[in-house]
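Colleague: Could you take me through this model, one point at a time, with the criteria spelled out as we go?

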Amino acid sequence: MQQIAWLASLVLMTLVGLGFAFVAINSGAREEDYGRVVHSAYSTRTKLFWTLVLVFGPVMIYTLRDLPYDAGHARSNSGPVQVVQATAYQWRWELSRDRVAKDQPVEFRVTSADVNHGFGIYDAGMHLVAQTQAMPGYTNIIRHTFRNEGTYRILCLEYCGIAHHNMMAEIKVGGL
Ligand code: CUA
């Protein structure tokens with residue numbers, strides 16, 4: 001998915017670049033009749049508008065189809081939800097449990113006892129698998145189903161003071 005997004009950005013950036021190059025190259029021709037230039041610009045604008053509608057319309061519908069994202073995710077998982085209450089403090093995490101089963105949805109209820117923190121779950125290879133914000137006075141809920149056993153790490157993703165880097169906790173998946 002990320003690769004597709006990257007390719008799409010690359011193509012779009014190239015198109016924008018070519019557009020700028022075209023304008024730069026043609027900016028020398030000043031003797032052209034003003035009326036004709038305006039007419040051609042309007043016609044280009046109309047074409048561009050409909051191109052955008054035709055390209056981004058279907059893309060938008062395609063990407064919005066899955067909303068709400070959580071519903072599809074919940075359907076694809078059976079078994080009871082394992083609830084983990086996670087509270088952030090300057091500068092540590094407090095988890096209501098540090099071991100969950102794999103292939104069973106886990107619901108993280110994330111909040112903070114002081115300032116804003118970022119709640120990020122990393123796998124053994126330090127890839128981010130899920131994240132949300134830890135905010136005082138509010139509980140953010142994320143659901144994640146761990147497919148692999150192992151030790152996952154929870155790190156703070158938002159600078160929250162001098163010992164921000166020390167906010168680390170572990171959660172073990174499997175062995176239940
Ligand atoms: Cu908590 Cu950074």
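Colleague: What distance separates the centres of domain 1 and domain 2?
Modeller: This is a predicted model, in which local features need pLDDT of at least 70 and side-chain atom pairs count only at pLDDT 80 or more, while totals for chains, interfaces and linings use all residues. Residues are numbered from 1 along each chain as its sequence is written, and side-chain values use heavy atoms, with hydrogens and water left out. The domain assignment, whose bounds come from an automatic or database source, divides the protein chain into domain 1 (2-64) and domain 2 (71-174). Taken over C-alpha atoms, the centres of these two domains are separated by 43 Å.

Colleague: How many salt bridges does the rule give?
Modeller: Side chains of opposite charge can pair when their charged atoms come close. The rule applied here asks for a side-chain nitrogen of Lys or Arg within 4 Å of a carboxyl oxygen of Asp or Glu. By that rule, the salt bridges number five.

Colleague: Which parts of the chain does the pair R147 and D103 tie together, and how many residues apart in sequence are they?
Modeller: The side chains of R147 and D103 form a salt bridge, at 3.3 Å from N to O. Strands here are DSSP runs of E with at least two residues, and helices are runs of H or I with at least four, each numbered from the N terminus. R147 belongs to the loop between strand 7 (140-145) and strand 8 (150-156), and D103 to the loop between strand 3 (99-100) and strand 4 (105-112), so the pair ties together parts whose separation in sequence is 44 residues.

Colleague: Which backbone oxygen does the side chain of T63 reach?
Modeller: T63 sits in helix 2 (residues 34-64), and its relative accessibility of 40% makes it partly exposed. At a distance of 3.0 Å, the side chain of T63 reaches the backbone oxygen of M60.

Terms used:
Buried means under 20% relative accessible area, exposed over 50%, partly exposed in between (1.4 Å probe, protein chains only). A polar contact is a pair of N or O atoms within 3.5 Å; within protein, one must be able to donate a hydrogen and the other to accept it, and residues adjacent in sequence count only if both atoms are side-chain atoms.
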